[in-house]
Amino acid sequence: MNKVLLRGTAIVSSLTMISRILGFIREVIIARLLGVSLYADAFFVAFRIPNLLRSVFGEGALNSAFVPVISELNGNKHGEAREFLQSLVSWLILATSLAAILGILFADQIVTLLAPGFVGERFELCVMLTQIMLPYIIFVSLIAVINGALNSVSVFGISAYAQILMNITMIAGAFLALNYDLIQATHILAWSVLAGGVVQVLVQLGKLKRAGFSLMPSFNFSAPGTAKFFNLFWGALFGAAVYQVSIFIGTQLSSFLPEGNIAGLSYADRLVQLPIGVFSLALSSVLLPVLSQSFAQNDKEEFNATFLQALKWSSLLLLPLTGWIMVHSLEIVSFLFEGGAFTRENSIVTAAALSAYALGIWGVTIQSLGVRALNASHRTFLPSLVGVFTLGVMVYSSLYFMGPISPEGFFGAFFASIQPDSPYALGASGIAYGSSIAFTASGLFIVGIAWVLLETPLGRFFHTLGNGALSALVGAF
């Protein structure tokens, strides 16, 4: 494997492992504090709203267009890369600040749109928490761009380190919240999210300065690389929008389930994000600048070799782990969360969702790697086609497995009208199965695109995939 890719992935994975462990501690405290309740539902949906915007202003569309351009500028002249970063950050702060202000003003409408099944106290609490956490998008967007700039000069791991401090801040907030009633506790958790965003930015500034970059404002549309960035950005934006629509629809669907199901899905998603974050996202974040540099140097052989190695290692490592998680999901959830407000019944619901989400670990990883390869080769519009495909499969599969939807309100009537006949009524885990099926199909789809357009030789990859599938059975039993 490319030495830079291996070293970067090792650094980011190690720090991400520490971050995820702290994240587990945070989730255990929140689970025992809020359980699977309307308060947990409101908090997780409110936290999801700035994360939706982050995929546009942060490591989604913006970063997909930003990293290839700044990698190319660094290869030519570092001063141009510095000027480009200053200009982009200036416009980014302006755009995210405006988005946060509008979001705060129209929080009622946003929550209604995102979670139409929320009414009464659950709705009012979610609106308040959304207003508190929306400014988080300003800081998390800066974090993504700073991290992309550092990765472009082979400085890896600072973002994962910043995430460690974010989790420590939220853990402190969760411990403080233990001393208050549930409504006050959710407010404290929301403020800790915002505080964590500030801490994440501050800790990266020193490293950024030592790498020769600056965040001094410079509203300069003629900065080097700006025109190419926007050309790439619009295609990537459509792809990110399609992906976020899939999350948006998933949240809408889960809001029609009985109280507590959203929280169960969120806890399960947090658990399955451990292997995805420690390996998949770490590898993907390093892969984009490495592939971008190979593409800028017109080194097609190195580009394909690096991408192929990433695909092979992902399959070999993650398929056995998938089998093990699916079989032992109840034991995992019970050991980590059960206690306090989190009951045995909560464990059963969460474990079913975890097993369903685990089925998609490989697909999420392969899709992420494929999107990085397409973005690095300046084909930023193609991931949007993959996103449309993923969205269609996800909606159909989720509606098929989750069970009947009450045709109340506009969205309830719409989803009920397109829901296929099905013998299944799996609730929260049905939505998780829909997500896993969609990402697995998407992963296979994007591998096919790589084979045709990038001319990546995939024979050895499929051999490794077969070995990984056999290892999954060993991991399970």
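The model is predicted, with local features requiring pLDDT of at least 70, side-chain atom pairs counting only at pLDDT 80 or more, and totals for chains, interfaces and linings using all residues. Residues are numbered from 1 along each chain as its sequence is written, and side-chain values use heavy atoms, leaving out hydrogens and water.

Reader: Is L271 buried or exposed?
Author: L271 belongs to helix 11 (residues 261-296), helices being DSSP runs of H or I with at least four residues, numbered from the N terminus. Buried means under 20% relative accessible area, exposed over 50% and partly exposed in between, with a 1.4 Å probe and protein chains only. Because its relative accessible area is 6%, L271 is buried.

Reader: Which residues does T350 contact, leaving aside neighbours within four places in sequence?
Author: T350 is placed in helix 14 (residues 344-358) and, at 0% relative accessibility, is buried. Contact means heavy atoms within 4.5 Å. On that basis the partners of T350 are G264, Y267, A268, V333 and F342.

Reader: How are helix 7 and helix 9 oriented, roughly parallel or roughly antiparallel?
Author: The axes, lines fitted to C-alpha atoms over the stretch in contact, have angles from 0 to 180 degrees between N-to-C directions. Those of helix 7 (residues 136-152) and helix 9 (residues 182-210) come within 9 Å and cross at roughly 25°. Angles under 35 degrees count as roughly parallel, over 145 as roughly antiparallel, 65 to 115 as roughly perpendicular and the rest as oblique. Helix 7 is therefore, relative to helix 9, roughly parallel.

Technical notes
Helices (H or I, at least four residues) and strands (E, at least two) are DSSP runs, numbered from the N terminus.
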